[in-house]
Amino acid sequence: MAALALACLTLVGCDRPETLTQQKAQEIINRWQFKAEPVYAEVPQRVWWSPTAPKDDYDEKALRTLHNLEHAGLVTLTESHNPAREETTFLARVTKKGFPILGTAPSFRGPVYRAKICEKRYDGLRNFVRHPTQKTVGHAELVWHYDNPTWLYPLFETKINKPLKKPFASHIAFYYAKHEWKFDVTVRKTDAEK
C-alpha cells in the first residue's frame, strides 16, 4: 500500500512529457518568473588610478557615482595621494543614513556598494519555435524591460546599459528531462528591437 501511495505521489509531482507549445513554454516560465525582479547597481568603495593603472571611463563613472551618493548623504568620501607612486585614491565610507540603503558585495574591483535602482518587468514570450523532430524541445525569446526606477537610479552612473522602458530579450531553450520541464537561458540579454 505504501509503494502504491509513493507511486501516485511521484506521478502527481512529475510533469507529463506532452508536446511543447508556446502556451506550455509560458507555463514553464511562469513557475520561475517574478512579476517584477529587483535590479541592483554597484559602485566600488575604492576608486584609484596611477600611471601604471590609468584612469578609465569606468573610474570616472564610479567617481561621479560616489560624489552623487555623498551629496545624498549616503557616504563620506576621502581623497588621498601617494606622490611616490603617483597614485590618487578616493575611498567611500557608508554613513548612518546610507547604512540601511546601501548593501555591500565583493567584485573584481574589490568591495562595492550596491543598491536597488529599478525593476525588471517581463513582457512575455515571442518567436517560439518547437524542434522539428523532438516534441519536447524548443526555444523562444523572453521579452522584458527595466521599469519603476528608485530614487537611486539617477545617482548610480555605473549602471551600464540599463535604460528604462527599452525592450530586451533573453533567448531560452526548453526541454523535458528527468520527469520535469526545464529551461536554460542561452543568451541573457540582447536588444529586442532587432
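A: **Charged pairs and the sheet beside them**

Glu60 counts as partly exposed, at 27% relative accessibility (buried is under 20% relative accessible area, exposed over 50%, partly exposed in between, with a 1.4 Å probe and protein chains only). The model is predicted: local features need pLDDT of at least 70 and side-chain atom pairs pLDDT 80 or more, while totals for chains, interfaces and linings use all residues. Residues are numbered from 1 along each chain as its sequence is written, and side-chain values use heavy atoms, without hydrogens and water.

The side chain of Glu60 meets that of Arg64 in a salt bridge of 3.9 Å, N to O (a side-chain nitrogen of Lys or Arg within 4 Å of a carboxyl oxygen of Asp or Glu). Because they are 4 residues apart in helix H3, about one helical turn separates Glu60 from Arg64. Arg64 is likewise partly exposed, with a relative accessible area of 32%. Both residues belong to a network of salt bridges that also links Lys55 and Glu157.

Helix H3, residues 57-71, lies across E2, E3 and E4 and runs at about 135 degrees to E3. Here contact means heavy atoms within 4.5 Å; axes are lines fitted to C-alpha atoms, for helices over the stretch in contact, with angles from 0 to 180 degrees between N-to-C directions. Helices (H or I, at least four residues) and strands (E, at least two) are DSSP runs numbered from the N terminus.

These three strands form an open sheet in the order E2-E4-E3, with antiparallel pairing (strands pair if DSSP finds at least two bridges between them). E2 (46-49) and E3 (75-82) are at the edges with a single partner strand each, so one side of each has no neighbour in the sheet. On average, neighbouring strands are turned by 10 degrees against each other, direction ignored. E2 pairs with E4 (residues 87-94) over 4 bridges, and Trp49 stands opposite Thr88 in E4.

In the loop between E2 and H3 is Asp56, whose side chain forms a salt bridge with Arg109 at 3.6 Å, N to O. Arg109 is in the loop between strands E5 (103-105) and E6 (112-130), and the pair, 53 residues apart, links distant parts of the chain. Asp56 is partly exposed at 35% relative accessibility, as is Arg109, at 42%.

One further pair is Glu119 with Lys116, at 3.4 Å, N to O. Glu119 is buried, with a relative accessible area of 16%, whereas Lys116 is partly exposed at 31%. The structure holds 17 salt bridges.
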